[in-house]
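Have a look at the structure first.

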Amino acid sequence: MPVTYLKKGKSAEERSGDDATVRANVEAILADIEARGDAAVRALSVKFDRYDPPAFRLTASEIEALMNRVSARDMADIRFAQAQVRRFAEAQRASMTDVEIETLPGIILGHRNLPVQSVGCYVPGGKFPMVASAHMSVLTASVAGVPRIAAATPPFKGAPNPAVIAAMHLGGAHEIYVLGGIQAVGALALGTQTIEPVHMLVGPGNAYVAEAKRQLFGRVGIDLFAGPTETMVIADETVDAEVCATDLLGQAEHGYNSPAVLVTNSRRLAEATMAEVERLLKLLPTAETASASWRDYGEVVLCDSHEEMLAVANDIASEHVQVMTDRDDWYLENMTAYGALFLGPRTNVANGDKVIGTNHTLPTKKAGRYTGGLWVGKFLKTHSYQKVLTDEAAATIGEYCSRLCMLEGFVGHAEQANVRVRRYGGRNVPYGAAAE
């Protein structure tokens with residue numbers, strides 16, 4: 001039996017139509033920020049967030065006052081989550097070592113892992129205060145050793161959210177701006193009269209933030225191309241419909257266009273999950289958003305076998321993949337395209353989003369085929385270096401280099417080698433000729 005879609009979401013053509021509208025709006029806004037700087041940023045903040053402070057950057061005393069408003073319990077929970085993220089990020093950083101090797105006598109090659117010198121970390125917060133996103137970007141950049149970390153988050157209900165600001169500060173942000181959306185990432189990337197531009201942008205956001213990062217890529221580095229949150233549940237009859245429906249809706253509440261996909265080899269489970277989704281949508285406080293995502297982007301895919309389920313999952317390359325089967329480790333060994341895996345019914349995507357320690361900024365829109373998510377290594381650049389230590393080594397490598405340059409017709413390149421063959425090897429190589 002071929003793969004059967006018991007429920008299908010919007011077509012690729014319909015989704016690309018939405019993207020085209022976003023693309024045009026973002027292009028115009030970024031051009032305005034580049035042309036008018038702070039004035040454009042302030043106008044956009046007033047328009048989209050109804051926020052017009054004396055300054056967008058918080059002072060040390062303002063940060064302290066906001067942190068004092070966070071309850072002791074909430075502060076302890078934030079510190080706990082950051083401890084988990086820090087521990088995993090430090091282990092990742094320790095796995096990345098500098099290299100130096102003598103490839104031939106007197107020839108030393110190596111590389112060093114150097115941190116990006118300035119990073120703009122965007123922490124979403126217009127609809128929900130995304131406290132955890134501060135851990136994922138700011139703290140991870142801090143572990144990588146980035147010397148300037150500028151963090152931005154939109155106002156929440158007209159004012160800075162104390163918990164988000166606390167998480168940014170505890171994570172290691174050097175500058176904190178209460179600024180949202182395109183105006184935030186645009187100002188950080190392009191610079192304004194009061195905001196120094198950064199070298200790299202990281203962090204999740206809505207479709208407009210994601211598109212702004214895409215258009216700014218090249219002017220600055222970015223962590224990855226990302227769109228709305230995606231989730232996939234791969235399940236067989238070892239789990240029930242309540243767990244599957246809960247895990248699907250738990251991510252569908254992110255936004256009206258967050259794809260949620262069930263892939264299963266059980267028709268009974270598929271039909272029961274669809275019914276359970278409808279039941280839970282009558283109870284879920286965020287049902288207005290989750291129901292729109294499920295209606296327009298939810299899918300239920302019925303397969304014959306685990307091999308077929310694997311093929312479907314690798315093709316979709318979802319951001320979050322929740323695996324609940326009788327062979328979870330088999331999927332771990334064979335999945336090749338995804339953002340992050342969550343293995344077994346005791347695991348869930350919310351753990352990864354908030355507290356367990358892995359990073360929740362992950363590739364979407366099939367980008368998991370060629371990149372992983374944000375991690376400490378994204379903030380590091382691997383730079384090579386070379387040293388030729390002896391006259392003999394300079395002459396030996398120079399002879400090979402001379403001939404290979406002339407093979408390609410690069411006479412000037414060849415002369416870089418030849419001058420060293422003459423000087424360190426005592427050879428009389430005619431100008432513009434290959435060393436013999």
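Predicted model: local features only at pLDDT ≥ 70, side-chain atom pairs only at ≥ 80, totals over all residues.

Student: How many disulfides does the count come to?
Tutor: A pair of cysteine sulfur atoms has to lie within 2.5 Å to be a disulfide. For Cys244, the closest cysteine sulfur is in Cys303, 14 Å away, which is too far for a bond. Cys405 is in no disulfide either, with the sulfur of Cys401 being its nearest at 3.8 Å. By this rule the count is zero.

Student: Is Cys244 buried or exposed?
Tutor: Buried means under 20% relative accessible area. Cys244 has a relative accessible area of 0%, so the residue is buried.

Student: And Cys405, buried or exposed?
Tutor: The cut-off is again under 20% relative accessible area. Cys405 has 11%, so the label is buried.

Student: How many residues does the largest nonpolar core have?
Tutor: Val119, Met168, Leu179, Leu201 and Phe379 are the residues with the most contacts inside this core. Leu179, for instance, touches several residues, among them Val41, Phe56, Tyr122 and Ile195. The largest nonpolar core has 70 residues.

Student: How many residues are in the second, separate core?
Tutor: Its members include Val233, Leu249, Ala270 and Ala290. The size of this second core is 21 residues.

Student: Which strand does Ile101 lie in?
Tutor: Ile101 forms a nonpolar surface patch with Val99 and Leu109, and together they have about 220 Å² of accessible area. The strand that holds Ile101 covers residues 99–104 and is strand 2.

Terms used:
Residues numbered from 1 in each chain as written. Heavy atoms only, no water. Patch = residues over 30% accessible without salt bridge, like charges linked within 9 Å, V, L, I, M, F, W, Y side chains within 5 Å. Areas by Shrake-Rupley, 256 points an atom, 1.4 Å probe, with all protein chains shown as cover. Salt bridge = Lys/Arg side-chain N within 4 Å of Asp/Glu carboxyl O. Helix = DSSP H or I, 4+ residues; strand = E, 2+ residues; numbered from the N terminus. Buried < 20%, exposed > 50% of the residue type's maximum accessible area, 1.4 Å probe, protein only. Core = buried A, V, L, I, M, F, W, Y, C linked by side-chain atoms within 4.5 Å. Contact = heavy atoms within 4.5 Å. Lists of a residue's contacts leave out its neighbours within four places in sequence.
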